[in-house]
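Here is a short walk through one protein model. Keep the sequence and the 3D view side by side as you read.

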Amino acid sequence: MTAHPSREDPVVRAMSESVGGPMGERATRHRWWTPVRVLLLLTAVVFSLGMLQKAPCSVAEGKDQDWTYSHMCYTDLRPLYVGRGLAERAWPYSDDEQTRDRYEVMEYPVGIAYWAWGRLG
């Protein structure tokens with residue numbers, strides 16, 4: 001017989017009360033709905049909802065700042081794109097004097113700068 005944590009572990013048993021209680025004697029696992037597939041489905045649903053929420057942002061060009069904030073479309077990447085040299089693929093933390101003369105230093109952590117710079121490729 002298979003061990004079921006919701007029957008044997010007191011902590012899991014207590015936590016399982018919020019989702020219907022411990023697994024019953026005759027209950028079996030579903031053949032197709034594995035935990036990985038459930039997580040993948042939930043991820044796809046949340047991702048899709050996020051895309052729907054951000055759909056108005058794709059037509060935000062030329063909108064005023066109040067519209068951008070009220071529709072949760074603000075991003076730092078757009079205003080910093082040219083001002084930090086990302087438009088010309090200049091590394092934001094470059095020691096090159098010409099680059100430093102033309103652009104301000106990126107004020108964000110290096111991980112974010114790597115992500116923004118890598119998105120250009």
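This is a predicted model: local features need pLDDT of at least 70, side-chain atom pairs count only at pLDDT 80 or more; totals for chains, interfaces and linings use all residues.

**Links and patches**

E107 has a relative accessible area of 49%, so it counts as partly exposed.

What does the side chain of E107 meet? The partner is R84, and the two form a salt bridge with an N to O distance of 3.0 Å. E107 sits in the loop between α6 and α7 (110–118), while R84 sits in the loop between α5 and α6, so the pair ties together parts that are 23 residues apart in sequence. Side chains of opposite charge can pair when their charged atoms come close. Is R84 buried or exposed? R84 is buried, because its relative accessibility is 9% and the cut-off for buried is under 20%. E107, at 49%, is partly exposed. A search of the whole structure finds one salt bridge.

Now turn to the covalent link. The structure holds one disulfide. It joins C57 to C73, with 2.0 Å from S to S. C57 lies in the loop between α3 (35–54) and α4 (65–70), and C73 in the loop between α4 and α5 (77–83). The two cysteines are 16 residues apart, and the pair links distant parts of the chain. A disulfide is a covalent bond between the sulfur atoms of two cysteines. Which hand does the link of C57 and C73 have? It is left-handed, with -85° about the S-S bond. Both ends can be checked for cover. C57 has 16% relative accessibility, so it counts as buried. C73 has 10% and therefore also counts as buried.

Next comes the surface. Which residues form a negative surface patch? They are D95, D96, E97 and D101. D101 belongs to helix α6, which spans residues 97–102. Its relative accessibility is 68%, so D101 counts as exposed.

The surface also carries a nonpolar patch. W32, W33, V38, L39, L41, L42, V45, L49 and L52 form it. Together they have about 900 Å² of accessible area. Take L39 as one of its members. L39 is found in helix α3. At 54% relative accessibility, L39 counts as exposed, because the cut-off for exposed is over 50%.

Go on to the disulfide of C57 and C73. Then find D101 in the negative patch and L39 in the nonpolar one.

Definitions and conventions: Residues are numbered from 1 along each chain as its sequence is written. Side-chain values use heavy atoms; hydrogens and water are left out. A disulfide is a pair of cysteine sulfur atoms within 2.5 Å. Helices (H or I, at least four residues) and strands (E, at least two) are DSSP runs, numbered from the N terminus. Buried means under 20% relative accessible area, exposed over 50%, partly exposed in between (1.4 Å probe, protein chains only). Patches are made of residues with over 30% relative accessible area and no salt bridge: like charges are joined within 9 Å, nonpolar side chains (Val, Leu, Ile, Met, Phe, Trp, Tyr) within 5 Å. Accessible areas come from the Shrake-Rupley method with a 1.4 Å probe; for residues, only the protein chains shown count as cover. A salt bridge is a side-chain nitrogen of Lys or Arg within 4 Å of a carboxyl oxygen of Asp or Glu. Lys and Arg count as positive and Asp and Glu as negative; His and the chain ends are not counted. The place of a charge is taken as NZ of Lys, CZ of Arg, CG of Asp or CD of Glu.
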